[in-house]
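I opened my notebook to look around a protein chain one step at a time. Here is what I looked up, in the order I went.

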Amino acid sequence: MKSSEFSRTEPLEKLGWRGRIAVTPDFIGYPISAFAIIVGLTLAVTLMEGVGIALLYPIIELLQTGQNLEQLADRSPVFRVTLTSFAFLGLRPTLEVLMLATGALILFRQILTYIMSLSRAYFSQRAVARIASRTFGLFTFAGVAYTEKLRSGTLINALFTEAKRAAMFAAALQNIISSMFKIIVFVTLLLFISWQATLVGLGLLLVVAFFVSRSAVRGTKLSGQMINEANDRLTRYTTERFALFRLIKVQSMEAVETALFRREFDELRDLNVDVARYSARIQVLIEGAAIVGAFALIYLATEVFSLSLATLGIFLLVLFRLLPVTQELSVARQQLSAYLHAILYIDRISIEASAHAEQDNGTLPFPKLRQGIRFEAVSFQYPLEAHPDAASAPVALADVSIDIPACQTTALLGPSGAGKSTLADLIPRLREPTEGRILFDDTAAVDIRLDALRRAVALVSQDALIIDGTITENLRYGRPDATQQEIETAAHDAFAHSFIEAMPQGYDTIVGERGVLLSGGQKQRLALARALLAQASVLLLDEPTSALDAESETAVQRALATLQDDGNTTIIIIAHRLSTVRHADHIVVLENGCVIGTGTHDALMTDTSWYRKIVDLQTGASTDTDNIASLSRNVQTTSKENTT
Ligand code: ADP
């Protein structure tokens, strides 16, 4: 099982700038070559724009004076450069030639702009897809101990909002480079037209831009981080509530929840408004200063520097093209810091998730079970962080040594919290023992390839896991190659075929998110059919009949009995009901993480007092539903009474 391609353990934050440059392009899925091509295109487009505007100057002068360019050569360095350049190309710059050249330049520039926009969109979207799918891969390959700690809102925020922002980093960097180059080109042009007017104009521009961008960058850097956190909170809140609609209803919390949602959203609104306020401030300040500056310039240019009206016109045209560029530059600077924050965030969770990737060092195939599954002094402790109030993490399994015979049915019994589910999770290595080991015949579980082990162990959990799709899709999940015939046989064996056939579209009926269109019993039977279809050699069931109506229970029990009679499958059932135990060949009784008895019903009746009490209670109770959880409470109370 290959985990998603990500092996770095040192976070980007800790790398120096050299390290960051080496690692980031690959991390955000934006190759340096693509970056260089787009920057090259941007530079070419800007250069063409500069030349295009520069050519307007001689065109206007020629139109206005009716002279030729040679006669005007002394007037401006722009004219001299134009003359030399055209002479180099072997052309004489008449009005027509100049106009044609400008037209051709504009056309070519538009074509390049189109190619550039497409490439930018392509590479940005490619980066989003790559970051999001790699992160998704890291989450799915991580062990359950990590993923059950994660909140679904955090995942969704990381995969959609933050991945997108991280991918925009390269675009923001390109914007900065492009703005700086535009500034260089336009300022050079301005200097050529009139260096005195340029100094005045730029002086004004720089003062405004400096103050504006300093305050704006500082402001949005803070808001960027806070927006990220608020987004995360809001997505988490919403996804959590989506799963709780029923609770909201029965507790009449609709109004409270709506108000809470509104409050969360208001916070996000305030932050976004903050960012907008900074942008608006920049815009108003820059434009205001531009108008005042333009008046001052017009006055100075005509009265002091004696520029012609055509020169002044071109000068102002270039200067006004420069204005949005300074604005672009400060916006790009803000974005760069916000997007960098997203990259570091994605980086942090990627490293965290990959550190929790499941270890798969096994090389052996799953053996054909002859003896069975052996637990050798297995202990398991959940991490302390899962029990924040406890002084030390409780021991969920303590020194468990048991043999689960091959091709027979073993029931795991015990009060709730005894460690039954934990023990079951250890078999397909969803969790790893903290001590001891598990063997399949003579092969240690860790030596078996993880995918082979998982294929050999089918798990039917108590809350049947159903995906939003058709019944066939649900059954095929994990075995995409199964034929319709195999699917129907499995459904038949799980006593699911008849209810599926009775549905409007049979096997093509869509069951809805989490199977909302199915009853609990139907979901259980589907899950069982899926497990049977996997033809696993170990079938692990977390009390498949506890939520079932009598008819479904009989059906599932008949399905299991058939499987048991075939004698090819090792069945392990976590039993919440004594009726389940009756069908088992072998029973393991757990209490507080320890095995307090193993054997057949008869052996346990003599050896294990807890078991005897449970059975006595059941046979004595006239109305009790043989539920072990409720009985075990009774037993505990009775034992306490006995000791006092
Ligand atoms: P059972 O299946 O017999 O009811 P479990 O195996 O679910 O028992 O639980 C055994 C112990 O482990 C309990 O003390 C329970 O609180 C703890 N436990 C179970 N699941 C987790 C988990 N995901 N994180 C932390 N502790 C857990």
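**Entry 1: contacts.** Before counting anything I wrote down that a contact means heavy atoms within 4.5 Å. I also noted that this is a predicted model. Of the contacts in the chain with a separation of 6 or more, 75% are between residues 24 or more positions apart.

**Entry 2: the whole chain.** I listed 22 helices and ten strands. Next I looked up the radius of gyration: the chain has 37 Å, while a compact globule of 644 residues would have one near 26 Å. I then checked the box filled by the C-alpha atoms, which is roughly 120 × 55 × 50 Å along the principal axes.

Entry 3: What share of the 644 residues is buried? I found 47%. The chain exposes about 32,700 Å², and carbon and sulfur atoms supply 60% of that area. For the charges, I looked up 57 positive and 65 negative ones, whose mean positions are 8 Å apart.

**Entry 4: helix α10.** Which residues of α10 are buried? My list includes E257, E264 and D266, and also L268, L271, I282 and I286. Further along I noted A290, G293, A294, L297 and A301 as buried too. I kept a reminder beside the list: an α-helix has 3.6 residues a turn, so residues three or four places apart point the same way.

**Entry 5: R277.** I stayed in helix α10, where R277 is found. Buried means under 20% relative accessible area and exposed means over 50%, so R277, at 43%, counts as partly exposed.

Entry 6: S252 lies in the loop between α9 (245-250) and α10. Its phi is positive, about 50 degrees, although S252 is not a glycine. With a relative accessible area of 55%, S252 is exposed. Just after α10, I found S306 with a positive phi of about 45 degrees.

Entry 7: C407 sits in the loop between β2 (395-405) and β3. C407 has a positive phi of about 60 degrees, and it is not a glycine either. Its relative accessible area of 25% makes C407 partly exposed. Then I moved to T410 in strand β3, which runs over residues 409-413. Is T410 buried or exposed? T410 is buried, as its relative accessible area is 0%. Setting aside neighbours within four places in sequence, T410 is in contact with I404, P405, I571, I572, I573, H586 and V588.

**Entry 8: M605.** My last stop was M605, in helix α20 (residues 601-607). With a relative accessible area of 22%, M605 is partly exposed. What does M605 touch, not counting residues up to four places away in sequence? I wrote down Y611, R612, V615 and D616.

How values were computed. Residues are numbered from 1 along each chain as its sequence is written. This is a predicted model: local features need pLDDT of at least 70, side-chain atom pairs count only at pLDDT 80 or more; totals for chains, interfaces and linings use all residues. Side-chain values use heavy atoms; hydrogens and water are left out. Helices (H or I, at least four residues) and strands (E, at least two) are DSSP runs, numbered from the N terminus. The radius of gyration is taken over C-alpha atoms; the globule rule is 2.2 Å times the number of residues to the power 0.38. Buried means under 20% relative accessible area, exposed over 50%, partly exposed in between (1.4 Å probe, protein chains only). Accessible areas come from the Shrake-Rupley method with a 1.4 Å probe; for residues, only the protein chains shown count as cover. Lys and Arg count as positive and Asp and Glu as negative; His and the chain ends are not counted. The place of a charge is taken as NZ of Lys, CZ of Arg, CG of Asp or CD of Glu.
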